[in-house]
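Morning, everyone. I have one structure to walk through today. Please bring it up on your screens.

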Amino acid sequence: MSEDEAWQAGRGIWKFNADRALSQDEAQIINTDGTVLAVAKITGISKHGDRYALEGDLLHGDPRVGRPTPSPHLSRNPVTYI
């Protein structure tokens, strides 16, 4: 999966805390093994009924891609805000 594909698949549309997402600078899309698939600078969110999608600028070639995330979490949602 490319960084673009990971970002499109992981950025939404989900139920999440919009205020929490907007209070962060970046989002990481990670797989279930904890490997970073994409990193993006958060620029906003879009509302889709009772769900949201992250809006942002994908940081192509970020050195964290392909490495274990430094921010592991137990959520099934493949997005972490940093």
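This is a predicted model: local features need pLDDT of at least 70, side-chain atom pairs count only at pLDDT 80 or more; totals for chains, interfaces and linings use all residues.

Is Pro-70 buried or exposed? Its relative accessibility is 61%, and exposed means over 50%, so Pro-70 counts as exposed. Now look across to Val-36. In sequence, Pro-70 and Val-36 are 34 residues apart. In space, their C-alpha atoms are 9.1 Å apart.

Next, the aromatics. How many aromatic pairs does the structure hold? One. The partners are Phe-16 and Tyr-52. Their ring centres are 5.5 Å apart, with 45° between the planes. That makes the pair tilted. Where do the two residues sit? Phe-16 lies in the loop between β1 (12-14) and α2 (18-22), and Tyr-52 lies in strand β4, so the pair ties together parts 36 residues apart in sequence. Both Phe-16 and Tyr-52 are buried.

Last stop: Glu-3. Find Glu-3 in helix α1, residues 3-10. Glu-3 is buried, yet has no salt bridge. Which side chain of opposite charge is nearest to Glu-3? Arg-64, at 9.4 Å. A salt bridge needs the charged atoms within 4 Å. So what does Glu-3 touch? Set aside the neighbours within four places in sequence.

Conventions:
Residues are numbered from 1 along each chain as its sequence is written. Side-chain values use heavy atoms; hydrogens and water are left out. Helices (H or I, at least four residues) and strands (E, at least two) are DSSP runs, numbered from the N terminus. Buried means under 20% relative accessible area, exposed over 50%, partly exposed in between (1.4 Å probe, protein chains only). Lys and Arg count as positive and Asp and Glu as negative; His and the chain ends are not counted. Rings of Phe, Tyr and Trp (its six-membered ring) pair if their centres lie within 6.5 Å; planes under 30 degrees apart count as stacked, over 60 as edge-to-face and the rest as tilted.
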